[in-house]
Amino acid sequence: MAVATPTKLTTSGNGAGVFRNNPLRTQVMVVIWVLVALAVIAFLAAISTTNARIQTFQKIAAVAVPSINATNDAIQLLSGEVSNTAEYILAGQGKASAGLDSATSANDPTAQKQAILKKIETQRAAYDRALQEGYTALIGPDFTAQPDSQTALNYISSRNARLHDALAQARGLSDKAKTPEDIQTAIQAYLNGQNDHYQPVISSLYYLRSVNIFLLEDAEKDATSAAAFQQNLAAVAMVIFVLALLGANIWLTLRVKRILLPLVNVALVAVAVYSFFLFSVFSTSANDLAKVVDSYNRTSLSSDANLFITDAVADQVQLVISNDPIYKEDLKKKQELLLATRNDKNELVTDPTLLTECPATSTARSSYKPEGVMGDICRNISQPAELTAYTQFLGGYKSWLATNTSFDNLVKINKSDEALALRAGDGAKAYKQMSGALTNLRDLSKAEYKTKSQSGTDSLNLANTLAWVIYPLALLLAGLGLFLWRREF
Amino acid sequence: MKNRNQTKKTWHSVLSAQSLILVVLANLLLAACGSPEATIPAAATDIREESASLALNQAGGTIRIYSSLPLTGSSKDQSQTLVNAMQMALEDFGGADKTVGGFKIDYVSLDDATAKAGQWDAEQERTNANKAVADPDAMVYLGTFNSGAAKESIPILNQATMAMISPANTYPGLTKAVDGVTDTNEPKKYYPTATRNYFRVVSSDDLQGPAMVAYAATVTKASRFFLINDGQTYGKGLADAINREAKRRNLNVVGSATIQGRESNYRDLARQVRAANPDFIFFGGIAQQQPGKLLADIRASGVRAPFMGGDGINNPAFVKEAGVAGEGAFSSIAGLPDNQLPAKGQDFLKRYRARFGTPTNYTIYGYEAMAVALNAIKSAAKKDRKAILDAVAKTKDYDGLVGKWSFDANGDTTLTDFAIYQIADGVLAYRQQSQPGK
């Protein structure tokens with residue numbers, strides 16, 4: 001870079017000399033340099049803090065994300081296992097089951113049971129694997145909530161073992177059943193096991209997941225608050241340097257009748273531009289971090305939605321085999337937790353005609369009325385592909401609600417076999433459509449997490465790296481420029 | 001009409017006298033056998049003996065007692081234990097042919113829940129009350145389980161001068177006005193005739209709330225409370241009662257919130273709790289409104305303050321829904337633990353277990369409600385709603401299964417004991433008694 005050395009000074013009389021010797025000049029210069037130095041130090045400190053917090057966020061995310069994945073997987077797999085055991089008992093009674101492999105003949109109960117058993121074994125193995133793989137993450141050092149992670153995992157392990165035994169016993173009793181009383185015994189064993197042990201495991205997995213979501217969210221809040229602080233400092237620095245640039249230029253222009261003061265200008269312009277760049281980067285990065293956490297929260301919501309629909313289809317079987325209305329009530333609750341809206345009396349209802357599509361614009365989505373996890377998902381959708389998946393889910397849900405109404409009516413008039421056939425036909429199709437859409441939503445959220453996490457981290461890293469170059473360089477240039485033009489002061 | 005009624009009454013009297021003579025003979029036989037009588041409370045035996053003498057000189061007939069409890073949905077199992085207990089009381093007091101005070105007692109259990117609602121239903125409760133009112137033989141109405149349901153049936157029964165005895169309602173506004181807890185014009189609006197016809201054998205929440213605060217303030221030395229309720233009649237009433245008691249004791253309520261019971265998570269509320277930094281958290285509400293999930297999120301946020309609810313969460317449904325996060329959570333319930341009940345109370349539970357299996361916390365009150373009704377029928381000694389209502393209201397120093405108690409002027413029991421339970425390894429473990437104001 002060329003340096004313009006002043007060879008001939010143009011003065012405007014005695015004013016410069018007077019000012020140069022004026023103690024006020026020294027004081028003003030000292031104050032300016034101190035202010036600039038403090039701004040730079042504060043800025044670098046803020047960068048350092050932000051760096052530290054972002055690193056903390058990344059460290060926590062590296063633990064929390066696999067933990068959330070593990071618990072989401074475990075919840076889904078366990079609900080699948082319980083639901084499939086109900087299907088197994090149904091198949092044992094020679095009734096239509098929705099848990100069948102499509103290649104299996106519906107007229108061959110033995111083949112049906114084997115197919116379902118294979119699914120159950122796969123789910124059980126995957127459940128164990130999910131928790132084993134997530135174990136290190138789940139007992140991470142940042143887990144300071146009480147009950148602690150080890151206590152929670154032990155609690156889950158003991159209840160899960162009891163649940164597993166109860167389900168296996170129910171299947172065994174179902175296999176050996178020869179009389180209606182035997183079948184009833186098997187059903188009772190299944191229902192007791194499910195009633196006693198399933199919910200405590202699911203709830204405890206929810207707790208573990210919630211701890212990790214909190215860790216993620218809290219780390220995100222720390223990082224974004226640090227970024228916001230740095231963003232504000234960038235704004236202040238930008239203003240200071242722009243004013244200094246303008247002030248120096250105007251003053252020097254008046255004094256030396258020259259505008260070109262290359263070093264000072266380059267330094268000030270560089271810092272001003274960089275400050276503006278930082279302002280923009282931190283603003284975007286804070287949004288990215290928030291979106292990172294939002295996207296991960298959506299994976300949990302999608303997982304919960306999957307849990308609710310799986311539990312709901314299991315409730316249908318449990319209602320038929322037990323004839324206990326408690327399962328009808330549970331099914332209703334699952335629907336309300338999944339997606340419901342309020343009627344004129346402010347009651348939660350799942351009337352398909354009242355369930356509206358998720359709006360296309362983010363503004364309209366933010367005021368989307370329906371409640372439940374799917375309502376939350378809609379309000380947080382951030383990409384068109386998610387909207388498509390949501391529409392696919394809603395279509396499936398409305399179909400399933402319609403089949404469920406018919407299912408109820410058939411059960412009421414004691415046509416359970418026809419009800420189960422409907423469930424295994426149109427009901428199963430609707431379930432698969434919902435489940436597929438939810439899996440898609442979850443994958444999209446995970447992908448968004450990765451993308452936003454990466455872009456946010458990259459831009460922050462770039463900004464931070466540049467800071468260590470730009471500021472020393474700007475100070476050097478400004479100092480050198482002012483030194484070269486010192487006689488003008 | 002008049003003649004037809006008189007004819008019916010005379011005919012019933014003959015039948016009743018005959019049946020009571022049979023009862024006396026049956027009782028003599030049972031007494032000779034020994035063992036069945038040994039387990040029947042003394043009061044029940046007295047009633048039967050007096051019934052026999054009454055039968056000789058007084059017109060009888062059939063008196064119908066209705067109960068209205070939620071027998072569909074999640075409360076079904078609990079309500080069924082109350083029905084079982086009521087039947088046991090009738091058998092104890094009325095013997096094999098169920099005759100008390102010279103009247104053949106016909107007990108009819110009604111369901112005030114619907115499959116559609118999945119819980120108690122206002123319209124169904126009104127239907128039940130109207131059914132009882134329209135039945136000329138109906139003299140007493142036992143119920144309801146839910147306080148909201150009682151709001152529907154009390155006015156209907158009040159206009160028919162029919163006694164209503166609840167084994168489970170705890171909302172204060174049904175019987176008394178409590179500042180800051182009950183709504184305007186409560187309880188007057190439930191009694192259009194201005195005469196009280198409603199009674200309950202369990203303590204109300206205006207006592208439960210103070211008993212809970214007493215435990216928190218004296219045992220755990222807490223002074224900064226956060227109150228959460230589920231927005232329903234019971235939950236809001238209990239939270240209001242706690243708030244009132246906290247203020248009375250000059251303790252801080254550092255925050256409060258209402259949940260709807262169907263939220264996908266409670267993380268925002270948990271943050272609110274964490275920011276308020278309470279040293280005790282109270283919940284007013286029932287297990288079906290997701291207090292377990294709420295507690296899981298509160299614990300996950302890092303808050304370690306003790307969590308306590310009322311009888312609405314003193315049940316296995318809450319224990320299961322809270323999972324590991326529920327460990328250590330407290331709940332209160334009116335009355336005494338099994339091992340501190342009077343001998344006849346413990347004996348009842350023993351007999352109940354042998355016959356029906358595990359009772360619930362309200363089972364014993366089902367028995368108590370029926371026993372009070374039968375005592376009143378015996379005292380009134382006539383098939384007259386007003387006379388029986390008056391007899392119920394005069395219940396004093398009744399030596400029941402849960403202790404010696406009376407109905408106060410509002411129709412509330414004079415018992416004020418509450419048992420405090422804590423979840424330990426997935427079960428509700430009794431800790432200690434607590435009383436309001438202590």
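**Two chains, their folds and their contact**

Leu480(A) comes out partly exposed, because 14 other C-beta atoms sit within 10 Å; the scale calls a residue buried at 20 or more other C-beta atoms within 10 Å of its own, exposed at 12 or fewer, and partly exposed in between, with C-beta atoms placed from the backbone. This is a predicted model, in which local features need pLDDT of at least 70 and side-chain atom pairs count only at pLDDT 80 or more, while totals for chains, interfaces and linings use all residues. Residues are numbered from 1 along each chain as its sequence is written, and chains are lettered from A and ligands numbered from 1 in the order in which they are written.

As for where that leucine belongs, Leu480(A) lies in helix H12 of chain A, residues 416-484. Helices (H or I, at least four residues) and strands (E, at least two) are DSSP runs, numbered from the N terminus. Between Leu480(A) and Lys221(A) there are 259 residues of sequence separation and 41 Å of space, C-alpha to C-alpha.

Chain A as a whole has twelve helices and two strands, and from the N terminus on the order reads α-α-α-α-α-α-α-α-β-β-α-α-α-α. Of its 489 residues, 46% are buried. When contacts (C-beta atoms, placed from the backbone, within 7 Å) in chain A are taken between residues at least 6 apart in sequence, 77% of them join residues at least 24 apart. Confidence is given by pLDDT, which runs from 0 to 100 for each residue: the mean for chain A is 83, with 86% of its residues at 70 or more. Residues 1-16 of chain A stay under 50, and the model has 17 contacts beyond four places in sequence for them.

Chain B has 14 helices and 15 strands. Buried residues account for 58% of its 438 residues, and 75% of the contacts in chain B between residues at least 6 apart in sequence join residues at least 24 apart. The mean pLDDT of chain B is 87, and 86% of its residues reach 70 or more. Below 50 is the stretch of residues 1-40 of chain B, with 47 contacts in the model beyond near neighbours in sequence. Residues 51-58 of chain B are also below 50, with 21 such contacts.

Then there is the nonpolar core, defined as a set of buried Ala, Val, Leu, Ile, Met, Phe, Trp, Tyr and Cys residues joined through C-beta atoms within 7 Å. The largest one has 260 residues, and Ile165(B) and Ala373(B) have the most contacts inside it. Leaving out residues up to four places away in sequence, the residues that Ile165(B) touches include Val140(B), Leu142(B), Phe199(B), Val201(B) and Ala373(B). Arg200(B) is also among them.

On to the sheet. In chain B, seven strands form an open sheet in the order E8-E7-E9-E10-E11-E14-E15, with mixed pairing; two strands pair if DSSP finds at least two bridges between them. Strands E8 (252-258) and E15 (427-434) of chain B stand at the edges with a single partner strand each, so one side of each is left without a neighbour in the sheet. From one strand to the next the twist averages 25°. Helix H9 of chain B, residues 267-276, packs on this sheet and touches E7 (224-229), E8 and E9 (280-284); its direction makes about 175° with that of E8(B). Such angles run from 0 to 180 degrees between N-to-C directions, with axes fitted as lines to C-alpha atoms, for helices over the stretch in contact. Within the sheet, E11 (residues 330-334) and E14 (residues 418-424) of chain B pair in the antiparallel sense over five bridges, and Ile333(B) stands opposite Ala419(B) in E14(B).

How do the chains meet? The contact takes 31 residues from chain A and 26 residues from chain B. On the chain A side, the elements giving two or more residues are H5 (149-176), H6 (180-256), H7 (262-322), H8 (326-338) and H10 (373-380). H6(A) gives the largest share of that side, ten residues. By type, the chain A side divides into 16 nonpolar, eight polar and seven charged residues; Ala, Val, Leu, Ile, Met, Phe, Trp, Tyr, Cys and Pro count as nonpolar, Asp, Glu, Lys and Arg as charged, and the others, Gly among them, as polar. For the complex, the predictor gives an ipTM of 0.84 and a pTM of 0.80.

Leu337(A), in helix H8 of chain A, is buried, with 25 other C-beta atoms within 10 Å. Neighbours within four places in sequence aside, Leu337(A) is in contact with Phe308(A), Gly372(A), Val373(A) and Arg262(B). Leu337(A) and Gly375(A) are 38 residues apart in sequence and 9.5 Å apart in space, C-alpha to C-alpha.

Notes
Contact = placed C-beta atoms within 7 Å. pLDDT = per-residue confidence, 0-100.
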